[in-house]
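Please consult the sequence and the structure shown here alongside the text.

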Amino acid sequence: MECRHCASPLEKPGDFCLVCREANTEAIVLEAARDRATITMLAGEPDEPTDRDSEADRDELVLGETTITTTPEDGENEPIELRNFAGLIGDEIRRKRPEEVYAGGVRTVIRAVRNDTHHSFYRVDDDDPVRAVLERRGNRALDVVETPPAEKIGGSHTTLIGGRTGMRAIRTVADHPHVKKVIPGPIDAGGKGSQSGMRAKVTRADDGGNVRMLLRDGSSVQENRVVTTARDREMGERIREDLNDVLTDAEFQ
């Protein structure tokens, strides 16, 4: 394949061009099983609208795919084998330098890859994840917030339940590219006690696309307002799903 910008030869389809310093892959779809991972590289949106159900239009947006395999280990060798597997997947993602990574499949693999690459991952659950991502990217036009997570946290209530663990949950949500601000609310200590430790959940979006994040620690509950870049409930629901998937992967659910 040649670079779409300067026509220089690329070692693999969708690679970042080291000649003109331009990215050829805008988004990656990762389908992760425990023994196999498929990475599909997607180009940016074409100049003319496309029908994503059309094979020709889909081929225009899909640059290629790469499959990586492993032989899962048991016992004390599993962490090393999983880390090596995630590292191989991470190497392929890094050489593309995508703006977005969508991932579906086995959560332990996705979590290991995210830790290796430090990309923000969007969760996608569909029988045809590439088609789902193409539709999703074509229908959304959400602003991306570049502000560091710590600078997105504000409001008059500065105390968080759970101490450092609560702050880690808040920052996990604040790190999402479509979150503008997280505003902690007052703490209600009158709830039922729980032995499950710190838990976090993002609730249904309102008409403006903003959501609420509930932190629960023992008998204490804190409702935090999350301001997003969504402009309506539908887009807010997509962000809510992403945030709950991230919190699940971070073991807050």
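Which element gives the most to the lining of the second largest cavity? Helix α6 does, with 4 residues.

## Basis of the model

This is a predicted model, in which local features need pLDDT of at least 70, side-chain atom pairs count only at pLDDT 80 or more, and totals for chains, interfaces and linings use all residues. Residues are numbered from 1 along each chain as its sequence is written, and side-chain values use heavy atoms, with hydrogens and water left out.

Helices (H or I, at least four residues) and strands (E, at least two) are DSSP runs numbered from the N terminus.

## Cavities

A cavity is a set of points, on a 1 Å grid over the protein atoms alone, where a 1.4 Å probe fits but cannot get out; lining residues have an atom within 4 Å of a point. Grid points are joined across faces, edges and corners, and a volume is the space filled by probe spheres set on the points. The count comes to 2 cavities of 30 Å³ or more.

The second largest cavity has a volume of about 50 Å³. Its lining consists of A103, I110, R114, F121, Y122, R123, D242, D245, V246 and D249. Two or more of these residues come from each of α3 (107-117), β5 (121-123) and α6 (233-249). By class, the lining has 5 nonpolar, no polar and 5 charged residues, where Ala, Val, Leu, Ile, Met, Phe, Trp, Tyr, Cys and Pro count as nonpolar, Asp, Glu, Lys and Arg as charged, and the others, Gly among them, as polar.

## Pockets

A pocket is an open set of grid points with protein on both sides within 12 Å along at least five of seven lines. The largest pocket holds about 820 Å³ of space. Of its 32 lining residues, H119, S120, F121, D175 and P177 lie nearest its centre. At least two lining residues are supplied by each of β4 (100-105), α3, β5, α5 (164-174) and α6. The lining comprises 13 nonpolar, 7 polar and 12 charged residues.

The second largest pocket has a volume of about 270 Å³. It is lined by 15 residues, and R123, V124, A132, R136 and E241 are the closest to its centre. Both α4 (129-139) and α6 supply at least two residues of this lining, and the largest share, 6 residues, comes from α6. By class, 3 residues of the lining are nonpolar, 1 is polar and 11 are charged.

## Packing of α2 with α3

Helix α2 (residues 78-96) packs against α3 at an angle of about 60°, with the axes 8 Å apart. Axes are lines fitted to C-alpha atoms, for helices over the stretch in contact, and angles run from 0 to 180 degrees between N-to-C directions. The two helices are therefore oblique to each other, since angles under 35 degrees count as roughly parallel, over 145 as roughly antiparallel, 65 to 115 as roughly perpendicular and the rest as oblique.

In contact (heavy atoms within 4.5 Å), L82, F85, A86, G87, I89, G90, I93 and R94 of α2 meet T108, V109, A112, V113, D116 and T117 of α3. These residues divide into 8 nonpolar, 4 polar and 2 charged.

## Packing of α5 with α6

Helices α5 and α6 pack at an angle of about 140°, and their axes are 9 Å apart. That angle makes α5 oblique to α6. Here A169, T172 and V173 in α5 meet L243, V246 and L247 in α6. The contact has 5 nonpolar, 1 polar and no charged residues.
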